[in-house]
2 protein chains.
Amino acid sequence: MARIVMKFGGTSMAGTERIRRVARIVQGQQAAGHEVAVVVSAMAGETDRLVNFCREADPLHDPAEYDVVVAAGEQVTSGLLAMHLQALGSKARSWLGWQLPVRTDDAHAKARIDSIDSDALIASMQAGEIAVIPGFQGLTEDNRVTTLGRGGSDTSAVAVAAAIGADRCDIYTDVDGVYTTDPRIVSKAQKLKAVTYEEMLELASVGSKVLQTRSVSLAMKENVRVQVLSSFIDDDAPAADTIPGTMIVSDEELEGLDMERQLITGIAADKNEAKVTLTRIADRPGAVATIFGPLADANINVDMIIQNIAKDKGETDVTFTVPAADLARTQALLEERKEQIGYYRLICDSKVAKISVVGVGMKSHAGVAATMFKALADRGINIQAISTSEIKVSVLIEDDYTELAVRVLHSAYGLDAKDAA
Amino acid sequence: MARIVMKFGGTSMAGTERIRRVARIVQGQQAAGHEVAVVVSAMAGETDRLVNFCREADPLHDPAEYDVVVAAGEQVTSGLLAMHLQALGSKARSWLGWQLPVRTDDAHAKARIDSIDSDALIASMQAGEIAVIPGFQGLTEDNRVTTLGRGGSDTSAVAVAAAIGADRCDIYTDVDGVYTTDPRIVSKAQKLKAVTYEEMLELASVGSKVLQTRSVSLAMKENVRVQVLSSFIDDDAPAADTIPGTMIVSDEELEGLDMERQLITGIAADKNEAKVTLTRIADRPGAVATIFGPLADANINVDMIIQNIAKDKGETDVTFTVPAADLARTQALLEERKEQIGYYRLICDSKVAKISVVGVGMKSHAGVAATMFKALADRGINIQAISTSEIKVSVLIEDDYTELAVRVLHSAYGLDAKDAA
C-alpha cells in the first residue's frame, strides 16, 4: 500500500464524460490498495472565461478579488469529481483551499505556499475516503482567498504530496511523459523513463512545458517523487502503475534505477526569446551595471549575456536575450538611457530561437559543445550566442532553423528511437 | 445617513455591462451618504449550468458536494462586483459565506441560517468600504459549505440586514415593485406603495413570485423593512430613494404611512395546484387522518381541504389540493391505501387554478366573499372550492378561466388604475 497524490489538468476535467473517466482512474488506484488524494484544475477554458470577466470589470483589477473569482473554477471541479467518485461507490469528499487550509503569503494572483495543515486530510484518507483538492487555491493569514498563478495546480499537487508524505505524486497531462524532445518536431523522439529534477527544470525553462517550473523546484526541495503520465491512453482506466510514464526524481534515485544513461537527456527549443545588442560601449568597470540595473528594476528577466573583450579604442559590444514579450519595454528603457549607458547603436531581433541540449550525464561541456557546433555547422546553421550551465549547453540561432536544428542535434547525440519511422 | 442592504438577482448580474450598471446603482447609494452592503446572486443561467453538471455526475448526488459546486456561481459575481465598484473609485471587498461566516444548519442544499457574525462587516462598512456578499451561501459548524436553496439570495439579504441592523433591505428585481395583480394579465394593475409582511406572504404563496417566501417570513420575524424595486428603470442609475418601489413593512408601520387603504390589496392566481377528490369515505373519527398522515410523511404539502357533512349512509366526499408537481406521487400513495382509507373513487384534476383576494383591511370575510362570488357568478365562472385565512379568501376554479377571473375581481374591488387604458 502506498499513499499517492494524483493531479489532473483542465483538459482531463473538461465536462462530465472526462471527469467520469478521471474518477475511474482514481478509483483504480484506490482499488489497488492505495490511499489517494486528487488535485484538480478547473475545466479547460473556464479560468480564461473568469479572467476575462475580471479584465472587463477593471483592467487594473484588485488581485485579491481576482483570486476570489478565478478560484471558483477549481471549486466546481473538486465538488464534481467527489460526486463522480461517490457515484462509482467510493467514499470521497472535497477539501477547498480554505478548508484544509493551504496557507500562502498574501501575494495575490501569484501566491506561494507556506504550509498545508494535513492532519484532517490524512485522517480522512486513512479512513478510506478519497480526498479531492482544488489546485491553485490558498488562504492568507487574514483569511482572504489566494491563487498560485496560472498552472499553479501542479505546484498544489506537489505541496500536498510533501505535506502528507506521499510516496509519489502522479501528474496526469495530455502527454504521456517527458520526451527527448518535442515529438511534434522529431518523430523519433523517445519517452524518457526517468529524469532528474535538475534536468526537468532545464527542459521546462527552455520550452518543454510538461510541468510548471515552480512545481519541479518544489518537488526537488521537498524530495517528492513526481511521475508524469497520460489520462488519455486507455479507455478502461488501468491502474497508473501499469502505464509507463516518466519519473522525475533525485540524482541519487536515478542512479539507483540503474538505467543505461545517455550523455544527453533531451533537446529543447524556445522561440520566446529576443536578442538585444548594444554596440560600442565603453569597456570600463560599471558600464554593464548601467545596462542591467534598470532591466532588473523593471522585472525583465535577462537570460544569456555575451560580452567580448574590447576590440579597439576601449569599446565593446554587449548582446543579451530577454523574453520576447518584454522586448518593447526593454527597447524603451534602453533608449531612455542612451546617454547614461553610452552606446552607439541598439539592435533588437526577435527572430531568434534558443536551442539547448540537457543532461546530468554531461561530464565535459567541451565535448558536448564540440558535437553541437559541428552538427549545426554541417547544416549551415549559424550560432549567434552560446551559454552553458551545469547540465546544459544553449545556443541562439535564427528562428527559421529551429526544427532543423532540433532534428540534427537529436540525431547527433544518438537520441533517435531505433524502431520509429 | 442610513445603513442599507441592496440585493441584486441573476438577471441584474448577467454579464459585464449589467454588473457595471449594478455598481453604478450601488455607488449612487454610497454617494448619498449611506453605509452599503450588497448581496448578489449568480449570473442568470449559471446556477442551472452548475446544477446540471451535478445531475450528470450523479443523479443522487451528495448535497454537501452539490453545495460546493453551486456556491461557486455567487462567489464569481461577488468578486466581480467588488472589482467594478473599485473601478468606479469606491472602496469595496467581497465577504464570502465562510468568511463572515454565515452560520447555517447542516441541511445541505436547503440550509437555514442560524446566525451571521457581523462585527468585521460593520467595521468595514463604517470605514467606508462597500461590502459585497454572495447570497445563497452558508457554513456548517464543521466548516462545510451550504446553500439555502434556489432563490435563497433574498433570504441572505434579509438575514444580513437583520444582522447589521440595517435601516432597509432593498431587493432589486426585474419588476419595479409589487402590483395589485400580475400586470401581464391586467393592464390596469397598479403598483402598491406598501404592503404588510402578511399580505406579501399570502401574495407570494399564491403565485406572485416577486420575493422568496422564506425571505418575507424572516423579514417579518426580524422586523426588517424590505423594499422591492427595479434595477432596470433608469440608465443613469439614480439613487434608489428616488425610484418609487414597494415597501414591505409591519402592520403598524403601514398604518403610520397614513395611506388611503383599500379593502383589498391584491389579487393573485396560482395554476400550480391540483385537485384531488375521494368519494364516499366513511364519516367517522380518524378517517381523515388516514388520508393526510401518509401525505404529510411524504412531504406533500396539502393546501385547501373541503369536507361536507355526510349526505347519507354515513358517507362523505373529501376534496383537497396539492402542488401539481406532487400529483402523481399523491395518486400513487392514495391508491396503495385504498383499503385502509376506504373510499369509493379517487378523482384527480390538475386543470384548476386558485384565485385569491388578499388584504389586511379585510374586516369581514362575508362581505369580501359575497363580492367575489357574485362577480364570478356574473361571468359564469363556477367555484369548485373555497378557503379563507385571516387576510385572504381563495377559490378554486377551472384553470381556463384564470385570467378572466383575475380581471373581473380586480375591477370588482376597485383596484383598476384610473389613468390606464
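Q: What makes K351(B) and D399(B) a salt bridge in this predicted model?
A: The closest N and O atoms of K351(B) and D399(B) are 3.1 Å apart. A salt bridge requires a side-chain nitrogen of Lys or Arg within 4 Å of a carboxyl oxygen of Asp or Glu, and the pair therefore qualifies.

Q: Why is this pair said to tie together separate parts of chain B?
A: K351(B) belongs to the loop between β17 (346-349) and β18 (352-358), and D399(B) to the loop between β20 (392-398) and α13 (402-412), so the bridge joins parts that are 48 residues apart in sequence.

Q: Why is D399(B) called buried, and K351(B) partly exposed?
A: Buried means under 20% relative accessible area, and exposed means over 50%, with partly exposed in between. D399(B) has 16% and is therefore buried. K351(B) has 41% and therefore counts as partly exposed.

Q: What makes the contact between D303(A) and K354(A) a salt bridge?
A: The N to O distance between the two side chains is 2.2 Å, which is set against the limit of 4 Å. The pair links distant parts of the chain, 51 residues apart: D303(A) sits in the loop between α9 and β15 (305-307) of chain A, and K354(A) in strand β18 (residues 352-358) of chain A.

Q: How do you know whether K354(A) and D303(A) are buried or partly exposed?
A: K354(A) has a relative accessible area of 4%, and the limit for buried is under 20%, so K354(A) is buried. D303(A), with 32%, is partly exposed, as this value falls between the limits of 20% and 50%.

Q: Why is the pair D48(A) and R150(A) described as tying together parts of chain A?
A: A salt bridge is formed by D48(A) and R150(A), with the closest N and O atoms 2.9 Å apart. D48(A) is in helix α2 (residues 46-57) and R150(A) in the loop between β8 (145-147) and α5 (152-163), so the parts that are joined lie 102 residues apart in sequence. D48(A) is partly exposed at 47%, and R150(A) counts as partly exposed at 48%.

Q: How many salt bridges does the structure hold over all chains, and which residues are linked in a network?
A: The structure holds 42 salt bridges over all chains. A network of salt bridges links E46(A), R49(A), E46(B) and R49(B).

Q: What makes the approach of K275(A) to Q384(A) a polar contact?
A: The two side chains are 2.8 Å apart, and the distance limit for a polar contact is 3.5 Å. Beyond four places in sequence, K275(A) also touches other residues, including T319(A), F320(A), D349(A) and L396(A).

Q: Why is the pair F292(A) and F320(A) called edge-to-face?
A: The ring centres are 4.9 Å apart and the planes stand at 75°. Centres must lie within 6.5 Å, and planes over 60 degrees apart count as edge-to-face, so the pair is edge-to-face. The residues are 28 apart, with F292(A) in helix α9 (residues 287-297) of chain A and F320(A) in strand β16 (residues 315-323) of chain A. F292(A) is buried at 14%, and F320(A) is buried at 0%.

Q: What makes the pair F8(B) and Y172(B) stacked?
A: The angle between the planes is 15°, with 4.5 Å centre to centre; stacked applies to planes under 30 degrees apart. F8(B) lies in strand β1 (residues 3-8) and Y172(B) in strand β9 (residues 168-173) of chain B, so the pair ties together parts 164 residues apart in sequence.

Q: How do you know that chains A and B have the relation of a two-fold axis?
A: Chain B can be laid on chain A with an RMSD of 0.1 Å by a turn of 180° and a shift of 0.0 Å along the axis. That is the relation of a two-fold axis.

Q: Why are the copies said to meet through the same surface?
A: Of the interface residues of chain B, 100% are also interface residues in chain A, so the copies meet through the same surface.

Note on methods. Residues are numbered from 1 along each chain as its sequence is written. Chains are lettered from A and ligands numbered from 1 in the order in which they are written. This is a predicted model: local features need pLDDT of at least 70, side-chain atom pairs count only at pLDDT 80 or more; totals for chains, interfaces and linings use all residues. Side-chain values use heavy atoms; hydrogens and water are left out. A polar contact is a pair of N or O atoms within 3.5 Å; within protein, one must be able to donate a hydrogen and the other to accept it, and residues adjacent in sequence count only if both atoms are side-chain atoms. Contact means heavy atoms within 4.5 Å. Copies are superposed by least squares on the C-alpha atoms of residues with pLDDT of at least 70 in both. Rings of Phe, Tyr and Trp (its six-membered ring) pair if their centres lie within 6.5 Å; planes under 30 degrees apart count as stacked, over 60 as edge-to-face and the rest as tilted. Helices (H or I, at least four residues) and strands (E, at least two) are DSSP runs, numbered from the N terminus. Buried means under 20% relative accessible area, exposed over 50%, partly exposed in between (1.4 Å probe, protein chains only).
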